[in-house]
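This report examines how two protein chains meet and then turns to selected sites within one of them. Please consult the sequence and the structure shown here while reading.

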Amino acid sequence: MNKFTEDDLKKELETKEYEYGFYTDIEADKFPVGLNEEVVIAISKKKNEPEWMTLWRLEAFKVWKEMKEPEWANVRYEKPKFQDISYYSAPVQKKQLDSLDQVDPELLKTFAKLGISIDEQKRLSNVAVDIVIDSVSVATTFKKTLNEKGIIFMPISEAIQEHPELVKKYLGTVVPTTDNFYAALNSAVFSDGSFCYIPKGVTCPMELSTYFRINEGGTGQFERTLVIADEGSFVSYLEGCTAPARDENQLHAAVVELIALDDAEIKYSTVQNWFPGDKEGKGGVYNFVTKRGLCEKNAKISWTQVETGSAVTWKYPSCILKGDNSVGEFYSIAVTNNFQQADTGTKMIHLGKNTKSTIISKGISAGHSQNSYRGLVQIGTRAKNARNFSQCDSLLMGDLCGAHTFPYIEVKNKSAQVEHEATTSKIGEDQLFYCNQRGINTEKAIALIVNGFSKEVLNKLPMEFAVEAQKLLEISLEGSVG
Amino acid sequence: MLEVKNLHASINNKEILKGINLEIKAGEVHAIMGPNGSGKSTLSAVIAGKEDYEVTAGSIILNGEDLEDLAPEERAHKGVFLSFQYPVEIPGVTVTNFIKTAINESRKAKGLEELPAKDMLKLIREKADLLEIDRKFLSRSLNEGFSGGEKKRNEIFQMAMLEPKLAILDETDSGLDIDALKVVANGVNKLKSKDNAVIVITHYQRLLDYIVPDFVHVLYNGKIVKSGGKELALELEAKGYDWLK
Ligand SMILES: Nc1ncnc2c1ncn2[C@@H]1O[C@H](COP(=O)(O)OP(=O)(O)OP(=O)(O)O)[C@@H](O)[C@H]1O
Ligand SMILES: [Mg+2]
């Protein structure tokens, strides 16, 4: 029987409002609004960065100033006023702590509300957690266990200090500062994020997990994640995000770079439920994220994402299949409700021979929302026998929402095989009545149908996440059918 | 058990049921026959509470309670079960998961705990065996790609699981081959007791050889125009409906 079924979930859902929409009252060390060279330098200084890092940021800032915000995505929103944002906000609590006893109790309460009591996680789920609240990484658990295997898992700000050679070697190699507007901005002002290195031949014994959370009002969050899996290693990485409910829009522009060296494998899972805005479309997070992975020979990268939050999402986790026989996968569920807009998908760039990619995208739209899949499959001239399979399914609820599919296929090698399938369906009155007749109420029925629709992707998530993801699907679609 | 009194129902302002009276006691089997479009499926849907239909007059009373204000799922919780003439597909939701959800939702409505997985599994096995359903079948997506007969068999499997008070079988026999018909009819008979009742909607006398009705009603143009014992079905088989016009 399917373990991920929704039975316990309903019970836990007491409110229909955004569950994580609370605000932690912790003193924050926050910069005045605005962005210029001084601010970039100040951020760098605040973090005690070496000079090469400061210069790297400044270079990115220079590039960013010359760039324009992209407008090709199928989303409409009021552009963030980049000079009205504060680019640094840290809970006042400078030291990295050794034990939870030293953590601000308010903060611990926040963790509890997030449902990630660290104690619990330590004991029960064998998950190492690196928590980024606003911009500073507050607590890292499990360091010791990881140390023994030579695994490095720490805030990137620390990695810059402690492992500059690794950071310097890989930072910006997959997502260059010049890549796009938001990536450039992130490179200039990123405040923290996670760094992870798995040594040669090591299988990481636990899921590594980061929780991001935007807390302060009027701040942007720009995390930077760098995951390096050295030859023949394996790691599964989980990323979850929440943000408190606010009237104004909050900006989130992260960059994630994955590097899978020869024969390595990285599994990267995200459950994103940033505040989506209220029923009228007010507030919510702007989520403009650049995620990309590089595969060397025989390497594999899988992206799995469940996107239920944010007012505007712009996100394309991608794979560059550089090495021969490398494999890229993208499994995605994107839910939009009310006035949410999502433009999400992937890019699979096949460069090496016998490279393979799979894309499974499930879009669910309700309310007045717009949900777009945008995917590029590119087969280079050298990519003999490259293969891609793409499947994009859309599920519509009601008549006011939209689902769109924009597949781009560029094939430069004749031996390539590229397959694309797309379907659009609607939750029918007949399906709902059928469920109702069996004693299943409409909300539960929708959850059941949506879970069925999303199953192929849900099954790709690690167990703990799958349960949470199902719960989120249910929350985000509550009240979506009158 | 069930009392339908002067029931009028319409859809899109078109009256389909034009004054139906029906009384069914616990332990009885009633067959409803009648030409295509006479309103048989409409009657079942209205009893089950489908909201597209507007009940313009009359009432439906189940065990003394007027169903008028009850949502379809609430009626289901009270023991109403409809075996659909055209069962609906739900992709990605397995037969097992669906029935498990249905059972637990009904239990929840009655203030009961969820059925432990172990007991659920046992129940599923038992009922699947009763209806000679292959285990592999249980992990398939509900009704997706099922043959006509498989769909109907699965409806009765759900009925067996839910043990309703009032089961309405809307043309459950159509699509079943002769052997399957026997299996399904046998299943229905095993589920019959003095505490529940069955309405069998069918076009063919054959099913009634296996599920023997206490009463047969003829629905014609939204009204019950004739009622009788099981021999009425034979008469209809021989003469058709014309003589009743
Ligand atoms: N949504 C609708 N709008 C208009 N007319 C409808 C609608 N739904 C059903 N009807 C009509 O109601 C009448 C009764 O239909 P119903 O399905 O109840 O017949 P039935 O007796 O079950 O027929 P069959 O033996 O073919 O299954 C038919 O004339 C049908 O066309
Ligand atoms: Mg019918």
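## Interface between chains A and B

In this predicted model, 24 residues of chain A and 38 residues of chain B take part in the contact between the two chains. The size of an interface is often given as the accessible area lost when the parts come together. Chain A and chain B bury about 2,700 Å² between them, and carbon and sulfur atoms carry 62% of that area.

Three salt bridges are found across the interface of chain A and chain B. A salt bridge links A:Lys444 and B:Glu105, with 3.9 Å between the closest N and O atoms; the cut-off for such a pair is 4 Å. Polar contacts also cross this interface, with eleven residue pairs found where both partners have pLDDT 80 or more. On the side of chain A that touches chain B, α10 (429–437) and α11 (442–458) each supply at least two residues. By class, this side of chain A comprises eight nonpolar, nine polar and seven charged residues.

## Overall organisation of chain A

Chain A contains twelve helices and 24 strands. Of its 482 residues, 64% count as buried. Among the contacts in chain A with a separation of 6 or more, 84% are between residues 24 or more positions apart.

A:Glu223 lies in the loop of chain A between β8 (220–221) and β9 (224–229). What is the nearest side chain of opposite charge to A:Glu223? That side chain belongs to A:Lys291, which is 7.7 Å away. A:Glu223 is buried, yet has no salt bridge.

The side chain of A:Glu223 does have a polar partner: a polar contact of 2.8 Å joins it to the side chain of A:His252.

## A buried glycine in a loop

A:Gly193 is located in the loop between α9 (181–189) and β6 (194–198) of chain A. Is A:Gly193 buried or exposed? A:Gly193 counts as buried because its relative accessibility is 0%, and the cut-off for burial is under 20%.

The position of A:Gly193 can also be described relative to A:Gln378. These residues are 185 residues apart in sequence, and their C-alpha atoms are 30 Å apart in space.

Technical notes:
Residues numbered from 1 in each chain as written. Chains lettered and ligands numbered in written order. Predicted model: local features only at pLDDT ≥ 70, side-chain atom pairs only at ≥ 80, totals over all residues. Heavy atoms only, no water. Helix = DSSP H or I, 4+ residues; strand = E, 2+ residues; numbered from the N terminus. Buried < 20%, exposed > 50% of the residue type's maximum accessible area, 1.4 Å probe, protein only. Lys, Arg positive; Asp, Glu negative; His and termini not counted. Polar contact = N/O pair within 3.5 Å; in protein donor to acceptor, adjacent residues only side chain to side chain. Contact = heavy atoms within 4.5 Å. Buried area = accessible area lost by both parts, 1.4 Å probe. Nonpolar A, V, L, I, M, F, W, Y, C, P; charged D, E, K, R; others polar.
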